[in-house]
Every structure is written in structure tokens, then in C-alpha cells.
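Here is a friendly note to read alongside the model. Please keep the 3D view open and find each residue as it comes up.

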Amino acid sequence: MLLKNGTLWMSDGHFEKKDLRIADGKIEKIADELEPLAKEETMDLEGLRVYPGMVEAHCHLGLDNSNIGYEGHDFNEMSDPITPQVRAIDSINVLDETVIEARKAGITTVASGPGSANVIGGTFACWKTDGNCIDDMILDDGIAMKAAFGENPKRVYKGKSVNTRMQVAALMRNTLAKTKEYLAKKEAAKGDIAKMPAYDQQLEAMIPVIQKKIPLKCHAHQHNDIMTAVRIAKEFDINITLDHCTDGELIVQEIKRSGWPAIIGPSLTHKSKLELEHKSFTTPKALQDAGILFSITSDSPVIPLEYLPMLAALAMKQGLTEKEALDAITISPAKILGIEKRVGSLEEGKDADLIVCQGDLLDLQHQIKGVWINGRLIGEYK
């Protein structure tokens, strides 16, 4: 397919009128003018803007089909505070209406997984929003291991196994230490089954974290929880992301020194608990000014995922430039997830995930005219 005369949002942060060719699900060529090939379908996008598909780095899309009640609530395994063995891919319902609405709005790639009830909650999956079978939509079925600090595990396990933030951190350290010991014993056995430690599903699931193959995805709103996550990451030499990072503006330099990226939000909600006291749309600007890699999250279903560009627009109202706001919902989440070579910007060789719209994507009056995922036009071009 050849898309002609579109006004493309380029990776360096400005619009250019270009032609774009899609082949084999990829962006094959971007140029000032391209001639149609034999039998090539051509679309004229004169007067329309073309953006990369949006990327959501933290949500629960497909795991909370709450319109059907308990039967659809599949993102919090609240049977134990330590459940690294559970995998989002085994719960995701890609035919849920929330997925359809996100796709129609131009959110083409998501990382979705367990909620924040547990100290360690299981693996997130990264997937495209087009398809009927999650196995065919997956980019990475274990892109991060969910962890949670603060009020949520305290509330869920109050009077059972967690009453304080100290215990949250203690359970986290205990699991990481046991995993290091378990891995050392496996490596020392050198494949000798008689010397191998007894199989432990939870510790097996945590090995990629210890090996720094995947990050610990740390739910942390309050400043002390953020710093506890950073402290534990240093102690055990693991990678983390700071998800929510509500108090990030209060400890910008500490986050900068940590070197870890932040996934900010969801900011368009009431301050429904104490740790949300400092929730604000000014946080992205503060982190941007400090040079911290960050993205903006809807935390869907907290905020419906189709409103992701509105959240970026509200952050722009509080000081982000247009480029910074768009980066926060495209290339920056892709970098945080480690998939920036495939998605997040309009560049030759990347997946053909595109949004064609009339007007500015960050303007609430914009109209989506077409969404392409892996080079396939979703629905009909309007």
C-alpha cells in the first residue's frame, strides 16, 4: 500500500509532507514522492496528519472485563502476596470491548498485566491490539515482572501477611535472595538432575529478574516507596521501572541519579488514597526538565485507554512541548519497554503501525480516519 501526500510526524519532532510505502507489515519507504508500483493500492492523504501508533507501557487491558462482574476480573491474584508465577497472557481477553476501543483510538501496542494487590504480582505481556488470538498478537509474553509497594498490598493483606511498608520490602528482599540462591544451586549442578534444587515455580519465574533480562515493574506512588524500590534495585543489582511515580516531582534529582525510567499516571482521577496526595499533571514537565526518560500511562481501566492522547495534552498544558507530549505516548514508552526498534516512530524498517487523523492528535476535536497495525488497515478508511 502507498500512502501519498500525508503530513507525517517525524521522529525529530516536526511535520513533513511525505509519501509512505507499506510492505510486508513494515514501513518500507518514506520519501518526498513515491510512484505507485504495479497493482499497488494507493491512498491520498492530502490534508491529513499521520502519526505513529501510540504505545501504552503500563495498563491492565484485556484483564479486567468488569462489565461481566467477577468472572471478568482477572488482573489481581489475591491469594498470596508473592505470585511471580502467574502470567498475564493466560488471562488476556483480546475480544473485550476495551481492546476494541483502544485500537480504534490508535493505541496499537500495549504492555498489560497484573495489578498492584501483590508484592510480586506476575509477568506483563507486550502485544499489538489487532487480532483474535493473543498468541498471534504477542511481542513479548514476559516483558516485565510486576511488583507493588505502598498502600495496595498493605490493604489487601492487612492482618494476614502485610501490615507495613517494612514487610512489603522484606517480602521482596526475601524472594529476590531466595531466587539468587536457587539460581546459584542450579548453575552449580551443571545439569546433573541429582544435584539440582527441588523445582520451585515461583523462583523459576523470578530468575529473569535476577539475570537482568526483564525489569521489576515497580508500582510506587509515594516518595518513600519510590526510594525503597531504588534501594532494593541497587542491593540486588536488578533493573526496574518506576510505575506511577506520583511523588516524582518531589524527588526529581534522586530519580535522576537512580537512572531508572518512570511511567507517570494515571493523573486524571480523584486523590482516592493518601499516597496520591501530590498527584499532578506537572510531574511530566519536572521529569522532562531533569532529563529523565518517562512515559504517560492511563493505567487502563483506571482511565479508558482511548483517552491516552488527552492525558498527554493535559501534560502539555502544564509545560511539555508538543514533541515531548507525543514522545511520552509513542517512542518513550517503546524505549522503556525495549521495543523502540519496532514501534514508536515513523521510520523505515519499523512496524507499519500508523494513525491517520484529521486535526492534531492532541486536540480533543481530532478525528481518526484510519489505523494501521502491522500494515493492516483496521476496519474501513473513513
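1. **Ground rules.** Helices (H or I, at least four residues) and strands (E, at least two) are DSSP runs, numbered from the N terminus. This is a predicted model, in which local features need pLDDT of at least 70, side-chain atom pairs count only at pLDDT 80 or more, and totals for chains, interfaces and linings use all residues. Residues are numbered from 1 along each chain as its sequence is written, and side-chain values use heavy atoms, with hydrogens and water left out.

2. Asn5 lies in strand β1, which covers residues 2-9. Its phi is near 65 degrees, a positive value in a residue other than glycine. Most residues other than glycine have a negative phi, and most peptide bonds are trans.

3. **Lys26 and its surroundings.** Strand β3 (residues 26-31) holds Lys26, which is partly exposed at a relative accessible area of 30%. Leaving aside neighbours within four places in sequence, Lys26 is in contact with residues including Arg21, Arg342 and Asp351; contact means heavy atoms within 4.5 Å. Lys26 and Ile373 are 347 residues apart along the chain, yet 9.5 Å separates their C-alpha atoms.

4. **The open sheet.** How many strands form the open sheet? There are 8, in the order β6-β7-β8-β9-β10-β11-β12-β13, with mixed pairing. Two strands pair if DSSP finds at least two bridges between them. At the edges are β6 (54-59) and β13 (294-296), each pairing on one side only. From one strand to the next, the twist averages 25 degrees. For such angles, axes are lines fitted to C-alpha atoms (for helices over the stretch in contact), and the angles run from 0 to 180 degrees between N-to-C directions.

5. **Following the pairing.** Strands β6 and β7 run parallel and are joined by 4 bridges, with Glu56 opposite Val110 in β7. Strand β7 (residues 107-112) has 6 of its 6 residues buried. On to β8 (residues 120-128): β7 pairs with this strand in the antiparallel sense over 4 bridges, and Ala111 has Cys126 in β8 as its bridge partner. Further along, β9 (residues 138-148) and β10 (residues 216-220) run parallel, joined by 4 bridges; there, Met145 stands opposite Leu216 in β10.

6. **Helix α6.** Helix α6 (residues 223-236) lies across β10 and β11 (240-244), at about 170 degrees to β11. Why does its length agree with expectation? At 1.5 Å a residue, the 14 residues of α6 should span 20 Å, and the end C-alpha atoms are 20 Å apart. The expected span is 1.5 Å times one less than the number of residues. Among the buried residues of α6 are Ile226, Ala229, Val230 and Ala233, and the elements covering the buried residues include α4 (165-189) and α7 (252-258). Just after α6, Asp237 takes a positive phi of about 50 degrees.

7. **The cores.** In the largest nonpolar core there are 88 residues, and Trp127, Ile240 and Leu242 have the most contacts inside it. The largest share of this core, 7 residues, comes from α4. A nonpolar core is a set of buried Ala, Val, Leu, Ile, Met, Phe, Trp, Tyr and Cys residues joined through side-chain atoms within 4.5 Å. Not counting residues up to four places away in sequence, Leu242 touches Ile226, Ala229 and Val230, among others.

8. **Cysteines.** How many disulfides does a search of the whole structure find? It finds 0, where a disulfide is a pair of cysteine sulfur atoms within 2.5 Å. For Cys59, the nearest cysteine sulfur is that of Cys126, 9.6 Å away. Cys59 is buried, with a relative accessible area of 0%.

9. **Last spots to check.** In strand β11 you will find His244, whose phi is near 90 degrees, a positive value. His244 is buried, at a relative accessible area of 2%. The peptide bond from Gly265 to Pro266 is cis, with omega near 0 degrees, and Pro266 lies in the loop between β12 (262-264) and α8 (283-289). Another cis peptide bond joins Ser300 and Pro301, with omega about 20 degrees.

How values were computed. Buried means under 20% relative accessible area, exposed over 50%, partly exposed in between (1.4 Å probe, protein chains only).
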